[in-house]
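This briefing is intended to be read alongside the sequence and the structure shown below.

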Amino acid sequence: MRWNLSGEVCSGAAVDSTDYDSRDYNPGIKCDCSFPNSTCHITRLWASDNEFTGRIPDFIGNWTWLKSLRFEGNSFEGSMPPSFSRLTSLQELRISGLSNGTMDFIRDLKSLSNLVLRNNRISGPIPTYIGEFQNLQRLFLGNNSLNGTLPDVKSSNLSNIYLQVSSRSDVSYNELSGTLPSWVSEANLQLNLVVNNFTLRDIGNSGLPSGLICLQRNFPCGRGSPSYSDFGINCGGPPITSSNQLLHERDNETVRAASYYVTSERRWGVSNVGQSENPIFAVSSSRQFTNTLDSELFQTARISAGSLRYCKRTGTGLENGNYTVTLQFAELQIEDGPTWRSNGRRVFDIYLMGNLVFQDFNIKREAGGASFSPVSKQATVKVSDNYLEIHLFWSGKGTCCVPYQGTFGPLISAISATPNFIPTVSNTPPSTKKKNRTGLIVGILVPIAVVSFLSLLALYIFRQRRKKQDTSDNYEEFFGIDARPYTFSYGDLRDATDDFSPENKLGEGGFGPVYKGTLDDERVIAVKQLSVASRQGKAQFIAEIATISAYAMRGHLTEKVDVFSFGVVALEMISGRPNSDSTLGDEKLYLLEWAWNLHEANSEVELVDEELFEFDEDEVKRVTRIALLCTQTSPMQRPPMSRVVAMLSGDIEASGVITRPGYLSGFNFKDDTTFKSVIPTVGTDSMPSTSHSILSPSTPDNASIPML
C-alpha cells in the first residue's frame with residue numbers, strides 16, 4: 001500500500017465521536033481541532049493488520065502532538081525512523097515486525113505509559129534511563145535481540161496500586177544476562193524473563209514463579225538426561241486421558257499478562273505475554289463436540305493476547321528423535337451464524353522449534369468457517385537437544401474487538417507429541433504414585449540390614465589383621481634410598497581416597513591419575529594410581545620414588561626445579577607433543593628418552609613436529625641441546641635461567657657437558673650405592689612435612705603388599 005495524504009485528513013470520523021478502535025476504520029486517525037485558529041493536529045494513528053510494506057515513513061516524526069501510534073501485523077522492513085525521537089507526546093507506542101534497530105529513539109519519550117515493541121529484532125541494551133519514565137505502566141519487549149542486563153532502577157509508578165492495573169513487563173526471548181535487580185520481587189509486578197541468559201542465584205525469595213532457571217535460553221534443565229518419549233497437555237483444563245490412551249496433563253493454572261508457569265515436576269512450562277482491554281487467559285464451553293473421539297479436550301482452551309509458548313523440558317528431558325506434534329483447536333469465542341458477532345477473525349502464527357510452520361493460522365477458516373468445531377494440525381519435529389518448543393504468536397493481524405473487546409490472539413485446546421521411533425526411556429508420568437507397601441518393605445529391609453552388618457563386621461576384622469601383617473613386612477627395594485620412604489598397603493590408600501573416588505581426583509599424567517587422600521591421622525597425601533595402559537614398570541616406579549625422596553623426603557626443594565621444567569617444555573614445543581604419549585610406540589613413549597636417543601644418534605632433526613615444513617636445523621640442535629642441559633640429573637649441572645636465555649638468543653654458545661641422566665638408565669635396586677651415587681643431596685627451601693607423594697598400583701592383585 002501507499003500513503004495517501006491528499007484531501008482533508010482531519011474530517012469526518014477523524015473528529016467525530018467514532019470510537020478509536022472501531023473495526024470500520026483501519027487504517028484510521030483521530031484529530032484534535034481545539035487548538036487556536038481551529039488548527040487540527042493528528043493525535044492518534046492506527047494501521048494494524050494491513051498490507052503495508054517498505055519502511056515506516058520518516059515524516060510521521062513531524063506529528064509531535066501524536067499520543068497513540070499502532071503499527072502491528074504489517075510487513076514493514078528496516079528500523080524505527082530516527083524522527084520518532086521527536087514524538088514526545090506519545091503515550092502509547094505499539095510496533096512489531098521490523099527487521100533491526102535499537103531503543104535509542106525513546107530517550108525523550110517520557111510520556112509513554114504503554115510501550116510494546118515485540119518481534120522487531122531490536123538489538124543493544126535496554127536503556128538505563130527507562131527508569132525515569134514515571135508514567136510507564138506496561139513494557140513489552142519480547143522476541144528481540146536485546147542484550148546486557150536489566151536496569152538497576154525502574155519507574156516507581158510501574159507498580160503503584162493507584163494505577164488500578166498490575167504493572168507488566170515482558171523481556172522474554174532476548175539475550176539479556178547478568179543478575180536480577182532487586183525490584184523484580186516487588187508486589188503487583190508481572191514480569192516475564194524466560195529464555196534469556198540470566199544468572200539466577202537465590203531467587204527462592206524473589207516472588208518469581210519457580211522453575212525460571214529451567215526456562216532460560218536452551219532450556220538447561222534435564223539436558224542429556226531424558227526421561228520421557230511423549231507428553232500431552234489439556235490446555236486450560238483438567239487432566240484427561242485421550243482416546244489413544246495418552247495422558248493430557250492439566251493446564252489450568254492462572255498465567256496472566258506477563259508471566260509463566262512450570263509444573264511442580266518441572267516436566268513442561270508455559271509462558272504468556274500480552275494484554276487486552278478485557279483480559280481473558282482461559283476459556284471453556286460445555287458443548288459436546290462432534291467429529292472427534294475426545295470432545296472433552298476441546299471444551300477448554302488457553303488464550304493469549306500476544307504470545308503463548310509451551311516448552312517440553314524444564315527439568316526432565318525428552319528423548320531425542322523425530323516426533324509427531326499434534327495441535328488441537330476449536331474457536332470458543334467468535335460466534336456462528338448470520339450475525340455481526342461472527343465477523344471476528346482470529347489470526348496468529350505457529351512456530352515449532354523456532355521454525356514458522358503455520359502462518360496466518362485461522363481456526364474458523366480451517367474448520368470450514370464454523371466455530372465450536374474441532375481442528376487438528378500435525379507436523380513432524382526433530383528433537384535433538386532433549387526439548388520441544390511450541391510458540392503461538394499474534395503479530396497484530398485479524399480483528400481485535402469482535403464480538404467484544406480483547407477477542408484476538410492465539411487460542412489452543414490441546415497439545416501432544418508422540419515418538420516416531422521405539423523409545424528407550426521409562427516415560428514414567430509425574431502423576432504416577434507408588435502404593436503403600438510399608439509392611440513388605442520393612443520385612444525385606446530388616447534381614448538385609450542384619451546380614452549387611454555381620455558382613456561389614458567380618459570385613460573389618462579381616463582388614464585389621466591384614467594391616468598388622470602389612471606393617472611388619474620389609475622391602476629391600478627401598479634400602480638404597482637415602483631417606484627411607486613411608487609405605488602403605490593398598491587398603492590404606494583405598495580408604496584414604498574413598499575408594500579412589502572421582503571427587504578426589506586431582507589430575508592425570510602420562511602414567512595414571514593422581515588422587516587426594518586423607519590418612520587416619522589426618523595427614524593429607526597425594527596418591528598416584530598407575531594405569532595399566534601406561535606400561536610403567538617396577539624399575540621406573542621405584543626410580544620415580546627415589547627422585548621424589550631427593551626432593552620431598554628430606555624436606556627440601558632445589559632452586560633449579562624450574563630449569564628442569566623449562567627443558568621439558570622446550571622439547572614439547574619442538575616436537576609438538578606431550579611429555580608422555582601412550583598412543584605412540586615404545587621408542588617414542590617418553591619424550592625425554594626419545595630426545596636423548598636422537599641426540600646420541602646425531603638425529604635431533606627427527607624430533608621436530610611433522611607439521612613444520614620450514615625450520616633451521618642448527619636452531620633445532622641448539623634448542624635440543626639446551627633442553628637436555630636443563631634436564632640433567634644433578635641440579636649443579638643445570639644452567640641458571642639467565643644463561644639459558646643467553647644461549648637461546650645466541651649471545652653465548654650452548655656449551656657444557658651433558659650426560660644421559662641416570663633416571664633414564666635404570667637402577668640396580670639391590671645395590672645400596674646406586675641411589676646415593678646417582679641422586680645427589682641437594683636443596684634449599686623446606687617443604688611442609690605433611691605433604692607426601694604417595695603411589696599405589698592400579699589393581700589390588702595382592703592387597704597385602706605395601707607400596708609407596
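The structure is a predicted model.

**Salt bridges**

- Arg-94 and Glu-72 form a salt bridge in which the closest N and O atoms are 3.3 Å apart. This pair links distant parts of the chain, 22 residues apart: Arg-94 belongs to strand 6 (residues 92-95), and Glu-72 to the loop between strand 4 (68-71) and strand 5 (75-76).
- Arg-94 is buried because its relative accessible area is 11%, under the 20% limit for that class. Glu-72 is likewise buried, with a relative accessible area of 3%.
- Glu-331 forms a salt bridge with Arg-346, with 2.8 Å between the closest N and O atoms. Glu-331 and Arg-346 are 15 residues apart, and each is placed in the loop between strand 25 (321-329) and strand 26 (348-352). Both Glu-331 and Arg-346 are buried.
- Glu-366 is joined to Lys-377 by a salt bridge whose closest N and O atoms are 3.6 Å apart. The pair connects helix 1 (residues 363-366), which holds Glu-366, with strand 28 (residues 375-383), which holds Lys-377, across eleven residues. Glu-366 is partly exposed, at a relative accessible area of 38%.

**Surface patches**

- A patch of negative charge on the surface brings together Asp-616, Glu-617, Asp-618 and Glu-619. Asp-616 lies in the loop between helix 6 (591-600) and helix 7 (617-630), and is partly exposed, with a relative accessible area of 38%.
- Val-446, Val-450, Phe-453, Leu-454, Leu-457, Tyr-460 and Ile-461 make a nonpolar surface patch of about 690 Å². Val-446 is located in helix 2 (residues 438-472) and counts as partly exposed, at 48% relative accessibility.

- Three strands form an open sheet in the order 21-22-30, with antiparallel pairing. Strand 21 (282-284) and strand 30 (411-412) are the edge strands, each pairing on one side only.
- Three bridges connect strand 21 to strand 22 (residues 300-303) in the antiparallel sense. Val-283 has Ala-301, in strand 22, as its bridge partner.

**Loop contact**

- Asn-135 is placed in the loop between strand 8 (123-125) and strand 9 (138-140), and counts as partly exposed at 40% relative accessibility.
- The C-alpha atoms of Asn-135 and Ser-111 are separated by 6.2 Å, although the two residues are 24 residues apart along the chain.

Notes
Residues numbered from 1 in each chain as written. Predicted model: local features only at pLDDT ≥ 70, side-chain atom pairs only at ≥ 80, totals over all residues. Heavy atoms only, no water. Patch = residues over 30% accessible without salt bridge, like charges linked within 9 Å, V, L, I, M, F, W, Y side chains within 5 Å. Areas by Shrake-Rupley, 256 points an atom, 1.4 Å probe, with all protein chains shown as cover. Salt bridge = Lys/Arg side-chain N within 4 Å of Asp/Glu carboxyl O. Lys, Arg positive; Asp, Glu negative; His and termini not counted. Charge placed at Lys NZ, Arg CZ, Asp CG, Glu CD. Helix = DSSP H or I, 4+ residues; strand = E, 2+ residues; numbered from the N terminus. Buried < 20%, exposed > 50% of the residue type's maximum accessible area, 1.4 Å probe, protein only. Pairing = 2+ DSSP bridges.
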